[in-house]
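Have the model open beside the sequence. We will go through it piece by piece, with rings, core, sheet and a few single residues as stops.

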Amino acid sequence: MMEYSAGFTSEGWFQNEINIVLPLKIKGLSKSEILERIIEQNLFQLRSESSIKKRFQMVYRRSETFNGELSKLYIDGSRLDQKALLLYSYLKCYRLPYEFFNEVILYNYRNSKLIIQNIDVEYFIERKEGESEKVAGWRPETKKRLRSSILMFFRESGMLKEEKVDTYQINPLHMSNQLKTYAKEQDPLLYLLCELR
């Protein structure tokens with residue numbers, strides 16, 4: 001099981017960056033070769049080399065959650081497939097959002113409660129504080145960023161849609177049959193993302 005980490009609070013959706021990194025990986029470039037090309041051509045369009053390197057570490061880590069077949073499904077897939085796979089990469093890298101998906105979103109959906117409220121996020125974080133000394137030790141500002149980062153990723157993917165202030169509707173992710181078939185046969189987490197219909 002992954003360790004709890006608040007590192008995802010500095011994560012972004014990074015769709016453009018993943019779109020740059022995955023084809024270079026498929027071409028067989030090494031991690032250092034990809035970084036060199038990104039820096040030389042400023043493909044991430046950032047102002048400093050240090051900010052490129054920092055973002056690259058996060059993007060590359062997320063890209064590592066895709067095997068060759070998933071990388072190809074991402075590159076050749078629709079925008080909706082890409083959104084589902086970006087959420088998948090986020091959940092594969094970070095324990096807290098993964099548990100939020102399982103313990104709050106999926107739980108509510110399976111029990112026909114099709115909304116999430118900010119209070120659900122608050123209760124979830126409080127429960128995790130009781131289960132983990134590490135989470136309990138995080139500063140209040142960190143916990144505030146955790147909440148907004150978790151919600152941001154689920155909103156960007158389309159799984160949560162803001163209905164009104166502090167209230168989000170749970171929506172199914174739309175995926176191609178090809179991606180659903182892969183998920184059913186190869187990847188339990190990706191298949192869980194298909195469960196919302």
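Begin with the rings. Phe8, Trp13, Tyr90, Tyr94 and Phe153 form one aromatic cluster. Rings of Phe, Tyr and Trp (its six-membered ring) pair if their centres lie within 6.5 Å; planes under 30 degrees apart count as stacked, over 60 as edge-to-face and the rest as tilted.

A word on the source. This is a predicted model, in which local features need pLDDT of at least 70 and side-chain atom pairs count only at pLDDT 80 or more, while totals for chains, interfaces and linings use all residues. Residues are numbered from 1 along each chain as its sequence is written, and side-chain values use heavy atoms, with hydrogens and water left out.

The charged end of Arg61 sits over its ring, 4.8 Å from the centre. The criterion is NZ of Lys or CZ of Arg within 6 Å of the ring centre and within 35 degrees of the ring normal. Lys25 does likewise with Tyr60: Lys25 lies over the ring face, at 4.7 Å from the ring centre.

Met2 also belongs in this part of the tour. Met2 lies in the segment before α1 (15-26). Helices (H or I, at least four residues) and strands (E, at least two) are DSSP runs, numbered from the N terminus. In sequence, Met2 and Tyr94 are 92 residues apart; in space, they are 7.3 Å apart, C-alpha to C-alpha. Not counting residues up to four places away in sequence, Met2 touches Leu91, Lys92, Cys93, Tyr94 and Arg95. Contact here means heavy atoms within 4.5 Å. Buried means under 20% relative accessible area, exposed over 50%, partly exposed in between (1.4 Å probe, protein chains only).

Now count the ring pairs. The structure holds 11 aromatic pairs. One of them joins Phe66 and Tyr88, which are stacked at 6.3 Å centre to centre, with 10° between the planes. Phe66 lies in the loop between α3 (49-63) and α4 (68-76) and Tyr88 in helix α5, so the pair ties together parts that are 22 residues apart in sequence. Phe66 is buried, with a relative accessible area of 5%. Tyr88 is buried as well, at 1%.

Phe101 and Phe154 make another stacked pair, 6.4 Å centre to centre and 15° between the planes. This pair links distant parts of the chain: Phe101 is in helix α6 (residues 95-110) and Phe154 in helix α9 (residues 140-157), 53 residues apart. Phe101 and Phe154 are both buried.

Stay near Phe66 for a moment. Ser71 lies in helix α4. Ser71 is buried, with a relative accessible area of 5%. Beyond four places in sequence, Ser71 touches Leu22, Ile26 and Phe66.

In soluble globular proteins, nonpolar side chains tend to be buried together. Here the largest nonpolar core has 66 residues, and those with the most contacts inside it are Phe101, Ile105, Phe154 and Leu193. Its largest share, eight residues, comes from helix α5 (residues 79-93). Such a core is a set of buried Ala, Val, Leu, Ile, Met, Phe, Trp, Tyr and Cys residues joined through side-chain atoms within 4.5 Å. Follow Leu193: not counting residues up to four places away in sequence, its contacts include Tyr88, Phe101 and Met159.

The sheet comes next. It is open, has three strands in the order β1-β3-β2, and pairs antiparallel. β1 (115-117) and β2 (160-164) stand at the edges, each with a single partner strand, so one side of each is left without a neighbour in the sheet. The twist averages 35° from one strand to the next. Strands pair if DSSP finds at least two bridges between them.

Four bridges join β2 to the antiparallel strand β3 (residues 167-170). Lys164 stands opposite Thr167 in β3. Helix α6 packs on the sheet, touching β1, β2 and β3, and its direction makes about 130° with that of β1. Helix α7 (residues 118-131) also packs there, touching β1 and β3, at about 65° to the direction of β1. Axes are lines fitted to C-alpha atoms, for helices over the stretch in contact, and angles run from 0 to 180 degrees between N-to-C directions.

Finish at Asn108, in helix α6. Asn108 is buried, with a relative accessible area of 8%. Leaving aside neighbours within four places in sequence, Asn108 is in contact with Lys113, Ile115, Ile116, Asp120 and Ile170.
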